Amino acid sequence: MEVKNMGSRIKEVFPGSLAEELGIEVGDILISVNGTEIKDIIDYRFLLSDEYIELEVEKANGEIWDIEADKDLQEDLGVEFDMAIMDKAKRCSNNCMFCFIDQLPKGMRETLYFKDDDSRLSFLQGNFVTLTNMKDEDIDRIIRYRISPINVSVHTTNPELRVKMLNNRFAGNVFERLKKLAEAEITINAQIVTIPNVNNGDELIRTINDLYSLYPSVQNVAAVPIGITKFREGLAKVDIYNKELAKAEIENVAKLQRKFIDETGKPFVRLSDEFYLTAEAEIPSAEFYDGYYQIEDGVGMVRLLRDTIKQDLPRLNKTKKGSFSMVTGELAFEEINHVAKLIMQENSNVIMDTYKIINNYFGNTITVAGLLTATDIIDQVKHKIKTDYLIMSSNMFRKGYELADDNEQIMLDDYTVKDLEKALDTKILICDYSGEDLIDIINENCKEE
């Protein structure tokens with residue numbers, strides 16, 4: 001039997017798993033489950049959710065094994081496949097006016113230029129999809145297989161404006177598709193990239209209200225401002241947020257947030273921290289962020305850091321001493337510098353230096369820490385760091401699966417942690433978003449006096 005989907009080749013069998021018990025081995029190919037050919041990870045997940053399964057497996061020597069097994073309802077086989085989705089990721093068919101990938105300089109690693117728009121990655125990894133790359137039968141499969149939650153890049157529910165923003169004549173039916181998913185009780189998380197004088201202001205309010213009409217299936221909306229690099233030759237001319245525009249957006253959306261809180265107890269739509277920092281506005285409370293489940297969109301990072309530092313600062317070991325430096329982008333510098341001062345006030349034996357890194361690589365209009373490169377960090381702090389360690393935020397790094405067998409973390413310009421340590425002659429410590437993690441790192445790497 002010819003096997004078409006080589007992505008279902010098994011690269012790892014977990015010890016003690018059902019697969020190991022059934023004699024499945026590395027190199028075997030899963031052909032079908034319960035008589036249905038496995039095309040991708042969605043088929044696999046759905047078809048495996050039975051208490052009795054029949055597997056068709058091709059062994060490394062070409063033999064075909066038919067395997068029957070009883071299992072717990074939610075029990076997995078316990079294998080990992082060569083390809084996470086058992087198929088090639090679907091390439092984005094849009095040409096969005098705000099696309100960050102289109103604003104990358106030449107010469108970066110090839111994987112950074114790939115635009116995925118794949119609902120399977122939305123389900124598995126939390127990626128956002130536009131739904132423009134999907135046929136009606138793809139929407140039906142999401143409903144049939146109960147693929148939920150799904151993360152959707154909406155941007156606007158105005159059909160004509162969405163066609164213009166995504167530069168795709170098929171982009172205008174997003175609300176109808178969202179409505180169909182909502183009626184099937186599929187959970188949806190929505191994202192909006194806002195552009196001044198394009199889809200902000202009244203257009204943003206329209207989009208939020210449309211999405212709220214699908215609540216609670218549409219559970220929440222995150223709005224983030226457009227990021228503009230210096231590499232926009234040939235792309236649409238767009239404006240960016242300044243203090244006044246960011247403040248106006250916060251005030252405009254706040255009216256709806258108050259209404260939604262009165263009706264549901266939650267604000268439904270939240271703006272990323274970049275709006276508040278740019279506007280020099282007050283950051284909302286922890287209750288407003290409701291568990292910080294939009295933190296990957298930059299929603300609530302500042303509040304989480306402030307509250308956890310306040311909570312965990314008393315855990316700082318005052319019998320130890322150490323020296324640390326921290327680097328961050330322009331936007332969060334004052335926040336990080338304040339945290340450093342609090343730590344030194346709590347323990348005078350700890351030195352905390354902070355460095356503001358200007359983003360020359362992408363242009364000084366990019367001010368967030370998550371888009372810093374090793375190139376700029378090296379250029380701006382090499383020979384300046386006098387501390388034992390350099391603490392860097394985890395959002396500056398990406399997992400380097402395509403480059404290193406040990407999944408070493410890498411920066412946007414291909415520098416690994418080891419590369420950066422060598423260039424700076426400094427040991428690097430990677431910290432998550434919270435003050436709890438920061439205090440733990442300091443305690444673990446300080447020495448007794």
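The legends below accompany close-up views of a predicted model.

Residues are numbered from 1 along each chain as its sequence is written, and side-chain values use heavy atoms, with hydrogens and water left out. Because the model is predicted, local features need pLDDT of at least 70 and side-chain atom pairs count only at pLDDT 80 or more, while totals for chains, interfaces and linings use all residues.

**View 1. Confidence along the chain and at residues 400-406.** The average pLDDT (the predictor's confidence in each residue, from 0 to 100) is 87 for the chain, and 90% of the residues score at least 70. In residues 400-406 the pLDDT falls below 50, and this stretch has eleven contacts (heavy atoms within 4.5 Å) in the model beyond near neighbours in sequence. Where pLDDT is low, the predicted coordinates should not be read in detail.

**View 2. Helix 12 and its packing partners.** Helices (H or I, at least four residues) and strands (E, at least two) are DSSP runs, numbered from the N terminus. Helix 12, residues 333-346, has 14 residues. From first to last C-alpha, helix 12 reaches 20 Å, close to the 20 Å expected at 1.5 Å a residue, where the expected span is 1.5 Å times one less than the number of residues. Phe333, Glu335, Ile336, Asn337, Val339, Ala340 and Ile343 of this helix are buried, that is, under 20% relative accessible area with a 1.4 Å probe and protein chains only. The buried residues of helix 12 pack against helix 11 (301-312), strand 12 (320-329), strand 13 (350-357) and helix 15 (435-445).

**View 3. Leucine 131, a non-glycine residue with positive phi.** Phi of leucine 131 is about 75 degrees. Leucine 131 lies in the loop between strand 7 (128-129) and helix 4 and is buried, with a relative accessible area of 2%.

**View 4. Nonpolar cores.** A nonpolar core is a set of buried Ala, Val, Leu, Ile, Met, Phe, Trp, Tyr and Cys residues joined through side-chain atoms within 4.5 Å. The largest has 74 residues, of which Tyr44, Leu55, Leu77, Leu131, Leu178, Ile208 and Leu211 touch the most other members. Apart from this core lies another, of 21 residues, including Ile343, Leu429, Ile439 and Ile442.

Definitions and conventions. Buried means under 20% relative accessible area, exposed over 50%, partly exposed in between (1.4 Å probe, protein chains only).
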